[in-house]
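Here are my notes, for reading with the model open.

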Amino acid sequence: MRRTVIAAFACLSPALAHAEGFVRHDLTEIASEARAALDDSFAMTSHVRRLTLTCSGCKGAPTIDLSIGGHMDDVVAGLQSGRTSLASLRSACRSRNSACNITELSVDPAVGWVVTHPAGPLTTSATAFVLRGSDLLTVRSLAEDSATAERNAHTLVQALAPRIVGR
């Protein structure tokens, strides 16, 4: 009986460990997929928890930085728990910068959103946040125009989130 309980717990423990977070934490495992999702002309630097893609010759001269880490922010915790709505976060963002926009991402079973705002006189930032448990994927896309910044952030989230977040 005791061995059965120990064996059952051992079989369940990997599932329990991932129930609250991502199934993948190593971005080097999906680096080639990230590059292929955008364009093979992107230069890439890959580390376990960080991946950077740049293309000076592409429209908008984009740079995209992906990172996986934990979160400790009260705003993020509020969004995850449902205490904070995207509408209230959008309102707060727009009170600081009228060009700020926040939209929801569909990344079930995780929670996700994209914040878009000017990042200087000639650059737009579109930053996607994907949160599951205590794991946070951040995709920060910078480009000369908002369409390119947003498209690259959304493209990478759609292509990679299922492999990182899991089901």
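1. Start at Arg90: a polar atom of its side chain sits 2.8 Å from the backbone oxygen of Ile102. That makes a polar contact (N or O atoms within 3.5 Å; within protein, one must be able to donate a hydrogen and the other to accept it, and residues adjacent in sequence count only if both atoms are side-chain atoms).

2. A word on what you're looking at. This is a predicted model, where local features need pLDDT of at least 70 and side-chain atom pairs pLDDT 80 or more, while totals for chains, interfaces and linings use all residues. Residues are numbered from 1 along each chain as its sequence is written, and side-chain values use heavy atoms, with hydrogens and water left out.

3. Arg90 belongs to helix α4, residues 86-96 (helices are DSSP runs of H or I, at least four residues, numbered from the N terminus). Leaving out residues up to four places away in sequence, Arg90 touches Asn101, Ile102 and Thr103 (contact: heavy atoms within 4.5 Å). Between the C-alpha atoms of Arg90 and Thr103 there are 8.3 Å, with 13 residues' separation along the chain.

4. Arg90 is partly exposed, at 23% relative accessible area (buried is under 20%, exposed over 50%, partly exposed in between; 1.4 Å probe, protein chains only).

5. Of its 32 residues, Leu53, Leu66, Val130 and Leu156 touch the most other members. The largest share, 8 residues, comes from α5.

Methods: Helix = DSSP H or I, 4+ residues; strand = E, 2+ residues; numbered from the N terminus. Core = buried A, V, L, I, M, F, W, Y, C linked by side-chain atoms within 4.5 Å.
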